[in-house]
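I'm opening my notebook to look a few things up in this structure. I'll jot them down as I go.

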Amino acid sequence: ALAATRAMLRLCAGEGAAGVAALGEEELLRLVHSCNFCASKARYVRAAAEHAQRHGGRVPREYDALVQLPGVGPKIAHLMRSVAFGEAEA
């Protein structure tokens, strides 16, 4: 899960959604290879990047919006709010 989370965090900093969406399938799989169900995780990361591209290039900050993204559950949403956005009340 850590690798998938790191890939998701790339949406919020550095490369942004366009960079993540542009990654080849092999590169995306390399980023999440240590996760269980890595192929599914890679699809979720790509789907989140594509969603972000349609919404100004960023993933949402709000918990309720995060859990609407494919493959993002409560754990990842809280982690995103805490790590990526520095929210004290994640």
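This is a predicted model: local features need pLDDT of at least 70, side-chain atom pairs count only at pLDDT 80 or more; totals for chains, interfaces and linings use all residues.

Which residues of helix H6 (residues 74-84) are buried? I looked along the helix and found Ile76, Ala77, Met80 and Arg81 buried. Looking down the axis of H6, I see these buried residues fall within an arc of 135°, so they line one face of the helix.

Then I turned to a helix pair. H3 (residues 25-32) and H4 (residues 38-54) pack at an angle of about 115°, and their axes are 9 Å apart. Roughly perpendicular covers 65 to 115 degrees, so I put H3 down as roughly perpendicular to H4. I wrote down the crossing of H3 and H4 as right-handed.

Who makes the contact? From H3 I listed Glu25, Leu28, Leu29 and Val32, and from H4 Cys38, Ala39, Lys41, Ala42, Val45 and Arg46. Sorted by class, the H3 contact with H4 has 7 nonpolar residues, 3 charged ones and no polar ones.

Last, the whole chain. I counted 6 helices and 0 strands, running α-α-α-α-α-α from the N terminus. Of its 90 residues, 38% count as buried. For contacts with a separation of 6 or more, 51% come from residues 24 or more positions apart.

Technical notes. Residues are numbered from 1 along each chain as its sequence is written. Side-chain values use heavy atoms; hydrogens and water are left out. Axes are lines fitted to C-alpha atoms, for helices over the stretch in contact, and angles run from 0 to 180 degrees between N-to-C directions. Helices (H or I, at least four residues) and strands (E, at least two) are DSSP runs, numbered from the N terminus. Angles under 35 degrees count as roughly parallel, over 145 as roughly antiparallel, 65 to 115 as roughly perpendicular and the rest as oblique. A crossing is left-handed if the near helix is turned anticlockwise from the far one by less than a right angle, and right-handed if clockwise. Contact means heavy atoms within 4.5 Å. Ala, Val, Leu, Ile, Met, Phe, Trp, Tyr, Cys and Pro count as nonpolar, Asp, Glu, Lys and Arg as charged, and the others, Gly among them, as polar. Buried means under 20% relative accessible area, exposed over 50%, partly exposed in between (1.4 Å probe, protein chains only). The arc is that of the directions from the helix axis to the C-beta atoms.
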